[in-house]
Amino acid sequence: MNRVPSGVCSIQVSENMAPWIICPRRLLYMGEKADANILRGETQKKLLEKCGFSKGTKIGIWAEAKVKYTNENEDEDTAIFDYTFDYVLMPIGRIKQSHAVAESGLEWNVLQKNLRESGHTFAQRNREIYIEDFPIGNPVIVEVMTSSTSGGNKKKRSCIPQAFEDCMLGKPHSAPGINYRQVWARMASQLIVKSQAAMAWNGKTIWVLQDLLADYISSSTALDLHKFIAEHTDEVNILAFSYGDNFRHTPKSQIVSLDKAVLYSGPIRANDSDNPQPCFQDIVLSSICPPREIFIAALSKKKMCNRISL
């Protein structure tokens, strides 16, 4: 084999800091290639505990589920919903043809074609067609949010392929940094909408991330997640996993376990009282605004690009 793929799942920025997870599969994987052992893993188990499904329930899992909808109204501007969900977990069971048609809003010939192409099976009893493993009950949307990198520097050999190569050869190596801001921005743009959508479908959304990212959100926005520690889910839910001190004590030849998890849950909007409670909309607000002097000082260091007179 002439080439080895640079499969990097985590980056440790400094020796005293836990590694930042950059690969979603390192944090949580429930896709097609996940066998029974993977689905019973530590993070999968803790996630399922927060989903609220009854014991013995048969759960279907959909990965990269895209939902696109356009509501065209002559009296209003066209509204569009176009999002892809990392995972959708939903109870599945046997359902009558008539009930499936009512649930999907599709004509039977269209629904039947969709179901056959997606691998469903049919059975006929007493002249009634039944569909096996049809989605029933309330959905749980799962979004996995890991960190991205700053890109690295080829001259310093800090790009992922170079750092991976040096590491495999046992040489001193340095990896690219973590792009905290980009990760937070991606998450903030979808956090409220995807939570709102799941609620509209009588379900909920759980965001799975690492405690390092949760701490960064708390320090850089007006959303202090430590005020939302909870045992049960709410309108918005974040399940943060942590290495704890395992990264310090686990031998380098072994996988470091993510055996600690904290659930942060709370309302989307604040109440209308005189003392509104913290809410997840605070994520779009800054944790602090610099004084005007800092703003003017920044401009004083920047050359003007142009001038104009009116």
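**Entry 1**

I count a residue as buried when its relative accessible area is under 20%. The model I am reading is predicted. I looked up K46 with that cut-off in hand. K46 has 18% relative accessibility, so K46 counts as buried. K46 also has a charged partner: it forms a salt bridge with E42, and the closest N and O atoms are 2.7 Å apart. E42 is partly exposed, at 41% relative accessibility.

Why do E42 and K46 lie about one helical turn apart? Both sit in helix α3 (residues 42-51), and they are separated by about one turn because they are four residues apart.

**Entry 2: other salt bridges**

I searched the whole structure and found seven salt bridges. One of them joins R94 and E132, with 2.9 Å between the closest N and O atoms. This pair links distant parts of the chain. R94 belongs to strand β4 (residues 79-96) and E132 to strand β6, 38 residues apart.

I then turned to D259 and K260. Their side chains meet in a salt bridge of 3.6 Å, N to O. D259 is partly exposed at 29% relative accessible area. K260 is partly exposed too, at 42%.

**Entry 3: the core**

Next I looked inside. Which residues touch the most other members of the largest nonpolar core? They are L47, V142 and F280, in a core of 51 residues. Helix α7 (residues 180-200) gives the largest share of this core, six residues. I noted a general point beside this: in soluble globular proteins, nonpolar side chains tend to be buried together.

I listed the contacts of V142, leaving aside neighbours within four places in sequence. V142 is in contact with L28, L47, D86, Y87, L89, I206 and V208. L47 is on that list, and L47 is also one of the residues with the most contacts to other core members.

**Entry 4: Q210**

Is Q210 buried or exposed? Q210 is buried, because its relative accessibility is 3% and the cut-off for buried is under 20%. I found Q210 in strand β8 (residues 204-210).

**Entry 5: cysteines**

I checked for disulfides, the covalent bonds between the sulfur atoms of two cysteines. How many did I find? The count is zero. I took C9 as an example. C9 is in no disulfide, and the nearest cysteine sulfur, that of C23, is 6.6 Å away. The cut-off for a disulfide is 2.5 Å between the sulfur atoms. C9 is partly exposed at 31% relative accessibility. I looked up C51 as well: it is buried, at 4%.

**Entry 6: a patch on the surface**

I went on to the surface. F295, I296 and L299 form a nonpolar patch there. Together they have about 290 Å² of accessible area. L299 lies in helix α10 (residues 292-300). L299 counts as partly exposed, with 48% relative accessibility.

**Entry 7: positive phi**

Last, I looked at backbone angles. E64 is not a glycine, although its phi is positive, about 50°. I placed E64 in strand β3 (residues 59-71). Its relative accessible area is 54%, so E64 is exposed.

D133 also has a positive phi, near 55°, and is a residue other than glycine. D133 is found in strand β6 (residues 128-135). D133 is partly exposed, with a relative accessible area of 30%.

Definitions and conventions: Residues numbered from 1 in each chain as written. Predicted model: local features only at pLDDT ≥ 70, side-chain atom pairs only at ≥ 80, totals over all residues. Heavy atoms only, no water. Core = buried A, V, L, I, M, F, W, Y, C linked by side-chain atoms within 4.5 Å. Buried < 20%, exposed > 50% of the residue type's maximum accessible area, 1.4 Å probe, protein only. Helix = DSSP H or I, 4+ residues; strand = E, 2+ residues; numbered from the N terminus. Contact = heavy atoms within 4.5 Å. Patch = residues over 30% accessible without salt bridge, like charges linked within 9 Å, V, L, I, M, F, W, Y side chains within 5 Å. Areas by Shrake-Rupley, 256 points an atom, 1.4 Å probe, with all protein chains shown as cover. Salt bridge = Lys/Arg side-chain N within 4 Å of Asp/Glu carboxyl O.
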